[in-house]
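Student: I would like to go through the salt bridges of a structure with you. Please show it first.

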Amino acid sequence: MFVVAVRDEEGRSSKKSFRELTDEELLPFLKKGDEEAFREIVSRYQHRLYNFALRFTRNPEDAEEIVQETFLKVFHSLKGFRGDSLFSTWIYQITKNLCINYHYTRLRHHDATTYSLDTTQGEVGEEEEGEEQSHTFQIPVTEPSPQELLLRKEFHEILESAVRELDPHYRIALILRDVEGMEYEEIARILKVPVGTVKSRIHRARWILMEKIKPFLEGGI
Amino acid sequence: MNCTETYSLFPYLLDGTLSPEKEKDLKEHMKVCSTCHKKWVSYSFTVRTLKELPRRTISPFFLPRLMERLPRREPSPGGWFVPAFGGVFLLFLLSLGFAYYLNKEPSQVEWQRGVRKESSFPYLLREIPSGRSLKPHEVMERWLSEGGKGVIVIVPLYNPGEVSQVDLHKSVENLKTLFLNQYGVPTGAVEILSPRPSSEVGRVEFYLVRGPKE
């Protein structure tokens, strides 16, 4: 257990372990190159960032590499971090940028599908006529049977795959909101766009996803 | 309220941020419009399922791999004097080490050779009570430097929610192989206890206790 002396706003000194410190309180130690402080930050963010990158890439090795790069960038850029934003916002910004770079690098190398923010795929507001009002998609409340578990797992894979096919900007906004559970304002700070843009991207992303998975939903859960 | 307006309000309905009047209008519309109702069920189901996607954990070897990629700390500035003095001191240490090597028992020399070969093992062991992180070969070097007395007791700690049983089992087996087979430590000199659950997030760490076995 590493114990450090910290001063509060009124100048009173107390002893705390690194684990008890906020990200911002850890910053001075990080800037000095304290290895244990760095380990603490890694332990706080590694799984969250990994899940974020994994949803984006759907490839565990690539996701881990993105998270490694994130922490390396944090390590090398700490001295230049002025604290204008929260540390959490900053670290997510780095991961987001690496995800976007990863996407375009792959596009260049693998001749993948091109994306456009103006896609008409699954356009919001598109109406469909003549369909019956008989669909209720419910995950069973009782203990699921092995077959249901299998179907659910299959559905999760289809959904994750559909997320991976989204435009990268939509994808990031959707993951941060619906998978990571972040507030719109925090996402706006990470993406450096207005809150309205964030909401619009998320809504459109959901709509596109909904259309993509429709055949599976109609087949029944 | 028309269908397009209804669709645009779905996110607000989901977040519970619609005014009571708007919400009532929207629900009234969905009662009579089967298409909108179906879209809403589908939309909310999609979002709910996204929230339920299983969380994955990063490899327990992520941290050691990351630490290996970090640059070593640069030496403090001291002009030409520090490296020159350091060089002389290093030469002195090397000559001491060589003399020590010549006087060693053959078996211990073998262990030291084995230790030297292993430098990139992914585990870091945390020593009790100092809290220092050591690599397995550093643990071995310390043990040898004390004449091979005492028992290295290793307690694997893991977070049941973060580390899979398979990964944990592999880690423990690898560690056993390393100490008992690769380093050639005699049975009894190293003791690996059963893994213990810990609240530590995402780490498989090995605690070292030195001293004679009780």
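Student: Which residue forms a salt bridge with R82(A), and how far apart are the closest N and O atoms?

Tutor: A salt bridge is a side-chain nitrogen of Lys or Arg within 4 Å of a carboxyl oxygen of Asp or Glu. R82(A) forms one with D84(A), and their closest N and O atoms are separated by 3.0 Å.

Student: What should I know about the model and its numbering?

Tutor: This is a predicted model, in which local features need pLDDT of at least 70 and side-chain atom pairs count only at pLDDT 80 or more, while totals for chains, interfaces and linings use all residues. Side-chain values use heavy atoms, without hydrogens and water, residues are numbered from 1 along each chain as its sequence is written, and chains are lettered from A and ligands numbered from 1 in the order in which they are written.

Student: Is R82(A) buried or exposed?

Tutor: Buried means under 20% relative accessible area, exposed over 50%, and partly exposed in between (1.4 Å probe, protein chains only). D84(A) has a relative accessible area of 63%, so D84(A) is exposed. R82(A) has a relative accessible area of 71%, so R82(A) is exposed.

Student: Where do R39(A) and E35(A) lie?

Tutor: The side chains of R39(A) and E35(A) form a salt bridge, at 3.2 Å from N to O. The two are four residues apart, about one turn of the helix, and both lie in helix α2 (residues 35–57) of chain A. Helices (H or I, at least four residues) and strands (E, at least two) are DSSP runs, numbered from the N terminus. The place asked for is helix α2 of chain A.

Student: Is R39(A) buried or exposed?

Tutor: E35(A) is partly exposed because its relative accessible area is 40%. The relative accessibility of R39(A) is 3%, so R39(A) counts as buried.

Student: Which residue meets R177(A) in a salt bridge?

Tutor: The side chain of R177(A) meets that of D15(B), at 3.2 Å from N to O. This pair crosses between chains, from helix α6 (residues 168–179) of chain A to helix α1 (residues 3–15) of chain B. R177(A) is buried because its relative accessible area is 12%. The partner, partly exposed at 29%, is D15(B).

Student: Which residues are linked with D23(A) in a network of salt bridges?

Tutor: The network belongs to chain A. D23(A) is linked in this network with E40(A) and R44(A).

Student: How many salt bridges does the structure hold?

Tutor: The count is taken over all chains. The total is 23.
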